Amino acid sequence: MDFNSIIDAIFINDFFTNWVPVIATLMIMSFLYRDNPLFKIGENIFIGIALGYMWTLLWDISVKPFFIMPLTDMFVEFHLSDLTIIFWFLLASTMLFRFNRKKAWVANYYFGFIFGYMAGMQIPIQVQNILMQSTSLMENVNKGSFYETSKWIVLVFGTFSALMYFFFSKPHKGILGKTARVGIVIMMIFFGAAFGSTVMGRVSLFIDRSILLVAHPFESMVSAGVIIVFLIVYFKFFHKEREFNDEGVL
Amino acid sequence: MKKEIPILLGLIAAILWYGEFFIAGMFFDNMKMFFSDGMKIGGVVGIMIGAYSVGRQNYFKIKYNNERYYAILRVSMIFLMIFLGWARGTSLGTPFSSVFFNVYIPFQATVFALLAFYIASAAYRSFKAKSIESAVLLIASVFVMLSKITLGEAMWDKIPVIGEWIVDAPSSAGRRAIIFGGYLGMITMMIRIFFGLERSHLSE
């Protein structure tokens, strides 16, 4: 059995695919009772895996094609334009000076460039976005039914009145005040709808987790039992309450 | 000199990029490529700085016993993923993807699913129709939530239609207005950077 087969055998097997997702789910759910070591272990595994996953992918997507490959090609056949990579690498490396308080200003050279570059790039893009937003509203009023037409009317006048709420060059009195008030209502509807959609999204995730637990009844029962016993033992014998002073400091 | 030269560098970069938007030519194309390389290499160095920062933080946590064992666990998991990606690749069917689907996805989904409980508990305590605005928010959220489940349709068959109308018309209007404001704010900020009026991104 070679080395690669051993790694495959550890991470691709029925135990790993059936037990680990169930244990991971229950470890995080244990937080619903109280903050506990199992949750913290799960939390740190999650952070570590997420960072490792992201960096490994970024190595393939960004570091290798934009830096490592041009650098190795440079040693095979050198072009004068290859010096730009060295130049930008040295300039970008000045960002490391941000870790030193006294020399933090050295990083200004790269930040100055990057923000200027973004300014030059973003101004035409954002102007185009505004124009596209505005032109997409300019459509035929008659949509065929009252339901669709009412949508369009509320969309146009709602956007306008919500924008008027942010217009602070004149006091919000008279027509402007009434329009701004409609704008507040429109934005409240938006916040309410956004809240409703977020809640339903989270609930659907929870249902998905529940389906996973139901699909693996034996694993779920055993893992839940072990976690409950651990929590009872931990909070009964090992947990020490943190004491806070009057200002809420530990 | 600590701020003037960086601002000048930024101005040159902005003018050259902006000029390329209006004037076609080899010079501007080359300049665009030159600055694009700068952005890409900046991203690469950014990843390295991120790795250094995470390593530094965890090193101090381990050294000064600030939740030492959790920091060790965290760093081990980072190395595990890097090792798996390096040893067996990142494509589907590899140990790397197995860890992603069987560890990362369940953890992430459960962490976000837990928020449902806390959002519900916060909403129960704070959602009170004390004014017209808060009543509107409450009613809109209830209709949108009911419109997304079959129970809503079972209660009254018009609820999904009303929910769709709320999302498509007034909610969309509010979102557009906020995005519009964001675009205007972005343009203003970029113009300030362009002319060197905004200097908060530069250190003393």
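Does A:Thr179 count as buried, partly exposed or exposed, and why? I started my notebook with that residue. I am reading a predicted model, where local features need pLDDT of at least 70, side-chain atom pairs count only at pLDDT 80 or more, and totals for chains, interfaces and linings use all residues. Residues are numbered from 1 along each chain as its sequence is written, while chains are lettered from A and ligands numbered from 1 in the order in which they are written.

**Entry: A:Thr179**

I looked up the neighbours. A:Thr179 is partly exposed because it has 18 C-beta neighbours inside 10 Å. The cut-offs are 20 or more other C-beta atoms within 10 Å for buried, 12 or fewer for exposed, and partly exposed in between, with C-beta atoms placed from the backbone.

I then placed the residue. A:Thr179 sits in helix α7, residues 174–215 of chain A. Helices are DSSP runs of H or I with at least four residues, strands are runs of E with at least two, and both are numbered from the N terminus.

I checked contacts (C-beta atoms, placed from the backbone, within 7 Å). Leaving out residues up to four places away in sequence, A:Thr179 touches A:Ser161 and A:Met164.

**Entry: chain A**

I counted elements. Chain A has eight helices and zero strands.

I looked at burial. Of the 250 residues in chain A, 25% are buried.

I looked at contact range. Among contacts between residues at least 6 apart in sequence, 35% join residues at least 24 apart.

I noted the extent. The C-alpha trace of chain A spans about 70 × 60 × 55 Å along its principal axes.

Notes:
Two residues are in contact if their C-beta atoms, placed from the backbone, lie within 7 Å.
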